Every structure is written in structure tokens, then in C-alpha cells.
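Open the model in your viewer and keep the selection tool at hand. We will go from stop to stop, and at each one you will hear what to pick and what is there.

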Amino acid sequence: MAHSNSASSQSITPMMTPLEVYRAKVSENLIDDPAQQQAVLALDMLFKQMMPQPNSTLLTHNDTQPIKGLYLWGDVGRGKTFLMDLFFDCLPSEGKLRLHFHRFMARIHQALREHSGQRDPLKLIANNLAQECKVLCFDEFFVSDIGDAMILSGLFQQLFEQGVVLVATSNIPIDRLYEHGLARHKFLPCIALLQKHTQMLHLNGSQDHRMNTLVDEVSEEALASTSQHIAPIGVLDFDSIFSTLTQNAPSIGQTHIRICQRDIPIVRATLSSEQPSVAWFDFNALCDGPRSQLDYIEIASKFNILMLSNVPRLGGEVKGWIRARGTEDGTGENQAVTTGERKLSYAANDDPARRFISLIDELYDQNVTLYLSCEVPLKELYQGGALSFEFRRTYSRLIEMSRNA
């Protein structure tokens, strides 16, 4: 399920604008989507604002008045990531940074640990980011963690004051970020900052480009049932696939692999500089336990191919669960948040489903090839539950990864 989600190609030459690149791709084989044209024009205008002179570098904060960034939102498969990457690839190589939002937050948390005990660590982190980039692009802006919510207001305030321009993609509009989150009032200043410093554009086209491209090659129903990379348990012979992928190279000879200073059970794995590194995990090892986005970042960085067996049906009947009265830790001193007695609604299998969503996001972003053996066809993998909205993106990405395998 290898893929490339970047807009880069040999047809992008130095100093082409986003609009020129988009038109060139439409003339080649890209579907001309009227819903994308407004976003392309806005990205083109932003590009010209950042680079007013040919062959110039990106503007700095002192060069001009503050420039508004862009916040692109819409349903899955509408081309948000493609358009953002197209813009990013047109910019000079210096002064820009592109990250998945999960990776961005992992980096911020790591920096907070490194600056622990220092006065105003967010200001130090923002200063470092502003020196590294004038344009910050991140994909899949979605806030679900109170720690992240409380960090972002202070961080964005510092970044925008230093003239950093933000370009972001999301499945939801700005005013719905962290919509039902704990102590959401503490996140409202961040929403106001985003509304002030970015132009929000809705990609509301009816076309799902991932699915449209898929239909040209294989029916969605066929792929959802069985493919070379996704199939019900017992259809794919993982032992044979592993041997073929590794050319019968010896496994690492361990039952666990060290990830983020913790041991994670592994079925088989190879690490080689001469051929692709392959890791075979059971679903429960990666998604049904204390795993975080940091684990998935390290795994995706370490292995070229990941095999995941025994993926169960996810979701289920949504029930109400009472969270005990107490506190949740924030991100700094005096930031503990009283939870009270809160009723949460989710399915019993939603915790592993959320981890599976995060895993697929990271594998997708790092172009890792994925093999899955599932209890049910892919189209039936998530039923019910409270994560139906989030899982639509995961399903769409799995489809694209299969098509590009």
C-alpha cells in the first residue's frame, strides 16, 4: 500500500506558481475540479505575497505587513493535502516546514520537555520555529487532547507575532475545533487567533478524488473485500509474504522491539540497510494498549513495510461511560483541570480504533507500505461507534494506499 501524497513531480520547475502547476497537472491527467479552483487561486496569491520578486527568498516579518495564511477544510478526498503540498513544493527549499499535525504536536511536546524548568518555554519554542520557517504547513488539524488545546493558544500567539504564516488542512471549520473538548473555553483564544491570521476556505466539491481514481482501476467493492494488501484473515499468507518481502533474510531474532523506550511484542521483523526493513505486528500489540503517536512516528521512521495481522471489527454500540470526579493534568504549572463527573459516549472498541486511525495517518504520511489481515472486509471494518467521522478519512486513505501499492 505504498503511495505518494505529495504534489511533487518532475513537471514542477523552479519558480512555477501553484496556479501554473495546477493547470499543468490538469492538462496531464488531473480531474479539473471547480471546487478546488478558489483554493488554488488563494494559494497562488499567498505564494506571490511571500515571494514578490522573481528568484527571491521568502519574506521575513520585517519585510512587510503581516500576511494571512490559509485554512483549507472539507470532506475526505477533496484534495486538501494535495493542494497544500503543491503550494509547499513551489516555495524555495529554505524557510518552510511541512508536518502532519500529530507530528507537529509530538515535536512541541518534546521541545517542552527539553525546556522544562525554563521561563516561558513556549516563547523559546516559538522563537526557534520562527527562525526555522516563515511558512508552517501542517496536515489534518484536529484537536482532541486538552494538553494540546492548552498549548496551542500560547504557541500560535507567539508564532503569529513573529510573522510565521500558517497553511493548514482540516476536515472541520475553525469554529468547530475541539468542539466538545474538556474546558473548551481555554481553547477559544486559539480559535480567535486562527480566524484573525488565516483565511478559511471550504473545499465543498462533490468529488472524492481518491475514490474517483480508484474506480478507473478496480471496483471499490472488490478492493474492500480482498486485495493484494488488504484481505480477511486467512486469505493472505503472511508467512509467505514476509519471506518474499525480506528475500528470506533472517529475522532480528527477538520477540519484542524497543520503541520509545518501551518493548512492543513483534511477530517477525528485519532491519537492513541493503533492502526494505519489514515489521510484522499483531493488531493488539500496536493498537490495544498504552500506545501513542510517538510510537507510530518511530515505527514508521524505522520500517519501510508494516504488516498488521488480526485486525478486528472496530466500533460497536455507543454507550455512556461515567468519568470519575478528579483532575486531568494540563501542560504546565497551575494548569490542572477539574473534570467533575462527566458522561462520555463511545464504544468499547473505540480506544483501539482511535489508535488505529493515528497509526494509519502516520504510515500514510511517511509512505510506508502496509499489509492488513482483517476479520471483516475493509468497508465493514468500522461499524457504529463514536468515531465514524474520523474513520471516514482512514478508510479513504487505506483505499488510496491500496491503489498506489
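Start by selecting Phe156, which counts as buried because its relative accessibility is 1%. Keep in mind as you look that this is a predicted model.

How are the planes of Phe141 and Phe156 set in their aromatic pair? They are edge-to-face, with 75° between the planes and 6.3 Å from centre to centre. Phe141 sits in the loop between strand 3 (135–139) and helix 6 (146–161), while Phe156 belongs to helix 6, so the pair ties together parts that are 15 residues apart in sequence.

Widen the view to the aromatic cluster around these rings. Along with Phe141 and Phe156, select Tyr71, Phe101, Phe104, Phe138 and Phe160: these residues form one aromatic cluster. For the model, the count of aromatic pairs comes to 15.

For another pair, select Phe356 and Phe391. A pair of aromatic rings is described by the distance of the centres and the angle of the planes. The ring centres of Phe356 and Phe391 are 6.2 Å apart and the planes stand at 20°, so this pair is stacked. Phe356 is in helix 13 (residues 350–365) and Phe391 in helix 14 (residues 388–403), so parts that are 35 residues apart in sequence are tied together by the pair. Are Phe356 and Phe391 buried or exposed? Both are buried.

Next, show helix 2 (residues 34–50) together with helix 3 (residues 80–90). Two packed helices are described by the angle between their axes and the distance between the axes. Here the angle is about 25° and the axes are 10 Å apart. Because of that angle, helix 2 is roughly parallel to helix 3. The crossing of helix 2 past helix 3 is right-handed. To see the contact itself, select Gln36, Ala39, Val40, Leu43, Leu46 and Phe47 on helix 2, then Leu83, Phe87 and Cys90 on helix 3. By class, this contact has 8 nonpolar residues, 1 polar residue and no charged ones.

Move on to Lys96, which lies in strand 2 (residues 96–100). Is Lys96 buried or exposed? Its relative accessibility is 16%, so Lys96 counts as buried. Show what Lys96 touches: leaving out residues up to four places away in sequence, you will find Leu58, Phe88, Asp89, Leu91, Glu132, Cys133 and Val135. Then draw a C-alpha to C-alpha distance from Lys96 to Val165: the two are 9.6 Å apart in space and 69 residues apart in sequence.

The last two stops concern the backbone. Most residues other than glycine have a negative phi, and most peptide bonds are trans. Select Tyr178, in the loop between strand 4 (165–170) and helix 7 (188–197). Tyr178 is not a glycine, yet its phi is positive, near 55°. With a relative accessible area of 4%, Tyr178 is buried.

Finish at Cys260, which you will find in the loop between strand 7 (256–259) and strand 8 (262–265). What is the phi of Cys260? It is positive, about 50°, although Cys260 is not a glycine. Cys260 has a relative accessible area of 27%, so this residue is partly exposed.

Terms used:
Residues are numbered from 1 along each chain as its sequence is written. This is a predicted model: local features need pLDDT of at least 70, side-chain atom pairs count only at pLDDT 80 or more; totals for chains, interfaces and linings use all residues. Side-chain values use heavy atoms; hydrogens and water are left out. Axes are lines fitted to C-alpha atoms, for helices over the stretch in contact, and angles run from 0 to 180 degrees between N-to-C directions. Helices (H or I, at least four residues) and strands (E, at least two) are DSSP runs, numbered from the N terminus. Angles under 35 degrees count as roughly parallel, over 145 as roughly antiparallel, 65 to 115 as roughly perpendicular and the rest as oblique. A crossing is left-handed if the near helix is turned anticlockwise from the far one by less than a right angle, and right-handed if clockwise. Contact means heavy atoms within 4.5 Å. Ala, Val, Leu, Ile, Met, Phe, Trp, Tyr, Cys and Pro count as nonpolar, Asp, Glu, Lys and Arg as charged, and the others, Gly among them, as polar. Rings of Phe, Tyr and Trp (its six-membered ring) pair if their centres lie within 6.5 Å; planes under 30 degrees apart count as stacked, over 60 as edge-to-face and the rest as tilted. Buried means under 20% relative accessible area, exposed over 50%, partly exposed in between (1.4 Å probe, protein chains only).
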